Amino acid sequence: MEQRQETVEVEKQKNWTNKHRKKTLFSNKHLLPYWLILPTLLILAVLTIFPLGYSIYVSFQDFNTYGQPDGFTGSNYAEVVTSMTFWNSMGVTLLYTFGVVAFEMILGLFMALMVSKDTKVMGYLRWVLIIPMMLSPLVVGIIFRLMLNADMGIINYMLQSIGLPAVNWLGTSGTAFLSIMMVDIWQWTPMCFLIILAGLQSLPQDPYEAARLDGASRLQILKDITLPLLKPIIIVALVIRTMDALRMFDQVFVLTQGGPGRATEVISFLMYRAALRFSDYGYATAGLFILLLVTIVLSYGMIKLLTRNEKAGES
Amino acid sequence: MEVRYENITKQFGETPVLENLNLTIHDGEFLVLLGPSGCGKSTALRMLAGLEDPTSGEIYIGNQPVTDMEPKERDISMVFQSYALYPHMSVFENITYPLKIRKVSKAERKKQADRVAEILEIGNLLKRKPKELSGGQRQRVALGRSLIREPNVFLMDEPLSNLDAKLRVHMRGEIKRLHTELGITSVYVTHDQTEAMTMADRIAIMEGGHLQQLAAPNEIYNKPTNKYVGGFIGSPAMNFVKGRYKGKEDRLDFDVFDFPIDHEWREIFERELSGDDLYLGVRPEDVQVSTTPQPGAVKGEVYVVEPLGKEMITIVRVGDHTVMACIEPDVDIEMNQEVWLQFKNHKLHMFDGKTEAKVV
Ligand SMILES: Nc1ncnc2c1ncn2[C@@H]1O[C@H](COP(=O)(O)OP(=O)(O)OP(=O)(O)O)[C@@H](O)[C@H]1O
Ligand SMILES: [Mg+2]
């Protein structure tokens, strides 16, 4: 009985808002905002929408030997998905993305939990940690190239000074892969940290008080209160970092050029080479569109995960 | 369990909130903390719960000092003024969370949730999230979470403030019943005096960081220890008339009327009064209104008449004073009519003009 009354109330409210919305939508006052955002839309169209459309067009073009578009074809995509190098790069990219994002998220979460209470430490830490993010990835890459240098880099120097053997960081597949991951983790863990910290500090405080009275231990509070409340923030950080890591280019460009062999040849680097070295624009854009598709699917999946669990909690 | 506040002082930075609070709550007692907004009621509760540290003093639960204990170790359940529900959990998960922490089996949790939900009339809401509830529904969920277990002490911070009048009366009864059944020491904060009067074993009236009076409801009503308590309890509020003590003339002087006193009263006034000023306090229901002159009555003029159905409130101007009287609803009185007021002598209260403490 009470339930039914409530739904009637909700219906009434809906009707009320609909009525009032209709009235204002067609009045001139309501058009003003669209006029105001028109310049931005134009700039967006020129800078984003047109290039995007053009690159889709390019990805369906056959290119002649002079690098000129030469008629519609679907063979670019066919060529990409049948090439071994592409799938190798896809594997490298996904492994790399999964590795760095997982590491950055866990480390960032851990750090945020450590300092969220201590406002003084946090004040300094925030400034220190923001520095890596402010540097250009290219600069970071160059710094790390110097540090990782097998003969005169500081990392090997330190290893040797404590009696460990020097490592040819960028010379072997495994360590080269780890090296580019390390650079990413160094540069982007702070971002995860900051996002999660901001999230932590915006959480309501009284559920914590309630949980303490209800008898929950610190670990139970973390598991039952903090993490679930933080989930939307964590997913946002996850999506941002995943999208970013999937298109990583700079570290590979500066540190390894995709090598040794093809051990660190991520998709964006592979396609950069295809386009600028071999002028194979069709192949390159097609490959990048497939990467875009992967990015969209992964991000969508993560966002779905967020909303689905929310619904599941209700039932 | 007995709860004791000993010399508790609490400051937030420089601002003092509670000063030297001494308060003992007996085992199994239902104590109501009553006071105006901002007087430190919630702060007092939160210190007992362990969410706030006293600046100085010690709190005891069952003779054990608890100031250094975590909330968890004190085994207290509390209804927060702000509800403090878990936003990501359903109503069911919210109210059974304390049981889940205590590793109670799922079947038992379900049973307890159903029991509590029935008392609080929230059975149809168990699957919803807090954000899908109205304020009053949320408040009942908060109440449910605290009533689902049997702690050492129940703390309730205005747990019914957001309910409609009817539901509030109903819940009042349910809480009182539960308390009688379980016999668990309870501290209940409210600024609704009807709630305080109907539910409390004893009422503690707080104001300005101090405990003003601690006594059973009837005593608080009939023997307020100072002018503040007299004016705070009772609706409509007690009338106060400022006057002077004229000992030599055997009377109290209230400008437009005199109040004769015998030597017994005189002795008391001589002993208790700090100066000559005093307040006469009389409850509206202790004022009699007649339309014809009466011996010893004070003449006044009707200012406003407010019929309330079961009674009628008449505001009468006597010189510069206004006196409120509750009278029978069928008395024929009009605005600006001349009336004669009589105070029931044994129901009068006299308060010191300076210290505002009770004199007689
Ligand atoms: N965390 C805090 N920091 C500073 N001052 C506070 C804090 N909490 C409460 N106060 C102050 O302490 C005083 C008492 O607050 P408290 O919440 O105990 O009042 P209350 O009696 O519960 O009032 P209400 O009936 O409005 O809930 C208020 O003046 C308030 O401004
Ligand atoms: Mg309060």
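Guide: Happy to. The largest cavity holds about 50 Å³ of space. Bear in mind that this is a predicted model.

Visitor: How many cavities of 30 Å³ or more are there?
Guide: Two cavities reach that size in the structure.

Visitor: Which residues line the largest cavity?
Guide: The lining is made by B:Phe30, B:Leu147, B:Phe154, B:Met156, B:Ile175, B:Leu178, B:His179, B:Leu182 and B:Ser186.

Visitor: And which element gives the most to that lining?
Guide: That is α6(B), with four residues. In chain B, β7 (153-157) and α6 (165-182) each supply at least two residues of the lining.

Visitor: How do the residues of that lining divide into nonpolar, polar and charged?
Guide: Seven are nonpolar, two are polar and none is charged.

Visitor: What about the classes in the lining of the second largest cavity?
Guide: There are four nonpolar, two polar and two charged residues.

Visitor: Let's switch to helix packing. At what angle do α4 and α10 of chain A pack?
Guide: Helix α4 (residues 84-115) and helix α10 (residues 218-246) of chain A pack at about 140°, and their axes are 10 Å apart. Because of that angle, α4(A) is oblique to α10(A); the cut-off for roughly antiparallel is over 145 degrees.

Visitor: Is that crossing left-handed or right-handed?
Guide: The crossing of α4(A) and α10(A) is right-handed.

Visitor: Which residues meet there?
Guide: On the α4(A) side you have A:Thr93, A:Leu94, A:Tyr96, A:Thr97, A:Val100, A:Val101, A:Glu104, A:Met105, A:Leu109 and A:Leu113. They meet residues of α10(A), including A:Leu222, A:Leu230, A:Ile234, A:Leu238 and A:Arg241. By class, this contact of α4(A) with α10(A) has 15 nonpolar, four polar and two charged residues.

Visitor: And in chain B, how far apart are the axes of α3 and α5?
Guide: Helix α3 (residues 91-101) of chain B and α5(B) have axes 7 Å apart and pack at an angle of about 30°. So α3(B) and α5(B) are roughly parallel to each other. Their crossing is right-handed.

Visitor: Which residues make that contact?
Guide: B:Val91, B:Asn94, B:Ile95 and B:Pro98 come from α3(B), while α5(B) brings B:Val141, B:Gly144 and B:Arg145. The classes in this contact of α3(B) with α5(B) are four nonpolar, two polar and one charged.

Visitor: Last topic, the backbone. Which peptide bond is cis?
Guide: The bond from B:Ser235 to B:Pro236 is cis, with omega near -5°. B:Pro236 sits in the loop between α9 (227-232) and β11 (239-246) of chain B.

Visitor: And what is phi of B:Asn7 near?
Guide: Phi of B:Asn7 is near 50°, which is a positive value in a residue other than glycine.

Visitor: Where does B:Asn7 lie?
Guide: In strand β1 (residues 3-12) of chain B.

Definitions and conventions
Residues are numbered from 1 along each chain as its sequence is written. Chains are lettered from A and ligands numbered from 1 in the order in which they are written. This is a predicted model: local features need pLDDT of at least 70, side-chain atom pairs count only at pLDDT 80 or more; totals for chains, interfaces and linings use all residues. Side-chain values use heavy atoms; hydrogens and water are left out. On a 1 Å grid over the protein atoms alone, a cavity is a set of points where a 1.4 Å probe fits but cannot get out, and a pocket is an open set with protein on both sides within 12 Å along at least five of seven lines; lining residues have an atom within 4 Å of a point. Grid points are joined across faces, edges and corners, and a volume is the space filled by probe spheres set on the points. Ala, Val, Leu, Ile, Met, Phe, Trp, Tyr, Cys and Pro count as nonpolar, Asp, Glu, Lys and Arg as charged, and the others, Gly among them, as polar. Axes are lines fitted to C-alpha atoms, for helices over the stretch in contact, and angles run from 0 to 180 degrees between N-to-C directions. Angles under 35 degrees count as roughly parallel, over 145 as roughly antiparallel, 65 to 115 as roughly perpendicular and the rest as oblique. A crossing is left-handed if the near helix is turned anticlockwise from the far one by less than a right angle, and right-handed if clockwise. Contact means heavy atoms within 4.5 Å.
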